[in-house]
Amino acid sequence: MTGTLEQLESTIATRRGGDASASYVAALFAKGMPKIAQKLGEEAVETVIAAMAGDARGVTGEAADLIFHLMVLLNEAGVPFVDVLAELERREGTSGLAEKAARPKV
Ligand SMILES: N=c1c2ncn([C@@H]3O[C@H](COP(=O)(O)OP(=O)(O)OP(=O)(O)O)[C@@H](O)[C@H]3O)c2ncn1[C@@H]1O[C@H](COP(=O)(O)O)[C@@H](O)[C@H]1O
């Protein structure tokens, strides 16, 4: 499963500076972070809409779009996917409720 995302990360990296007329990822890179971030937001909203409609097949497709655009954004942001995995591994076993309760009171 992780291998699929690592392969996608590699493919996305090869598109940087590529022909925007031949590659969707190259076209996104040419437009820059504002467009990439906008697409990620749109795909998140479309995923939410499918989920709220109880459309499991729709959620599958929109979630794939969402994760794909997240991988493009990570590349544009200069964040290796392995760093995200490391952060998730660091959180492994820590309850979200316990972590939130331990936050400093502001
Ligand atoms: N996984 C994906 C992937 N998922 C979704 N998409 C594209 O993401 C776009 C999002 O769909 P939308 O309907 O929101 O797009 P749109 O309305 O045409 O876009 P805008 O007008 O809003 O800019 C579509 O063009 C999809 O084809 C993807 N495009 C590419 N990949 C992967 O990236 C690789 C490289 O792609 P290219 O750079 O195009 O060669 C591919 O081999 C795939 O592995």
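Predicted model: local features only at pLDDT ≥ 70, side-chain atom pairs only at ≥ 80, totals over all residues.
Which residues are around the ligand? The predictor's confidence comes first. Across the protein chain the pLDDT averages 96, and 99% of the residues score at least 70. For the complex, the predictor gives an ipTM of 0.90 and a pTM of 0.93.

Now back to the ligand. Around the ligand you will find Leu-8, Thr-11, Arg-15, Ser-23, Tyr-24, Val-25, Ala-26, Asp-65 and Phe-68. Sorted by class, the residues of this shell are 5 nonpolar, 2 polar and 2 charged. Where do they come from in the fold? At least two residues of the shell are supplied by each of helix H1 (2-14), helix H2 (24-31) and helix H4 (56-77). The largest share, 3 residues, comes from H2.

Next, look at how the helices pack. Two packed helices are described by the angle between their axes and the distance between the axes. Start with H1 and H4, whose axes come within 10 Å and cross at roughly 55°. An angle between 35 and 65 degrees counts as oblique, and H1 and H4 are therefore oblique to each other. The crossing in which H1 passes H4 is right-handed. On the H1 side, Leu-5, Leu-8, Glu-9, Ile-12 and Ala-13 take part, and they meet Phe-68, Met-71, Val-72 and Asn-75 in H4. By class, this contact has 7 nonpolar, 1 polar and 1 charged residues.

H3 passes H4 in a left-handed crossing. H3 brings residues including Met-33, Ile-36, Leu-40 and Ala-44 to the contact, and H4 brings residues including Val-59, Leu-66, Leu-70 and Leu-73. By class, the contact of H3 with H4 has 13 nonpolar, 3 polar and 6 charged residues. Among the H4 residues here are Asp-65 and Val-72.

How values were computed: Residues numbered from 1 in each chain as written. Near = placed C-beta within 6 Å. Helix = DSSP H or I, 4+ residues; strand = E, 2+ residues; numbered from the N terminus. Nonpolar A, V, L, I, M, F, W, Y, C, P; charged D, E, K, R; others polar. Axes fitted to C-alpha atoms, helices over the stretch in contact; angles between N-to-C directions. Parallel < 35°, antiparallel > 145°, perpendicular 65-115°, else oblique. Left-handed = near helix turned anticlockwise from the far one by under 90°. Contact = placed C-beta atoms within 7 Å. pLDDT = per-residue confidence, 0-100.
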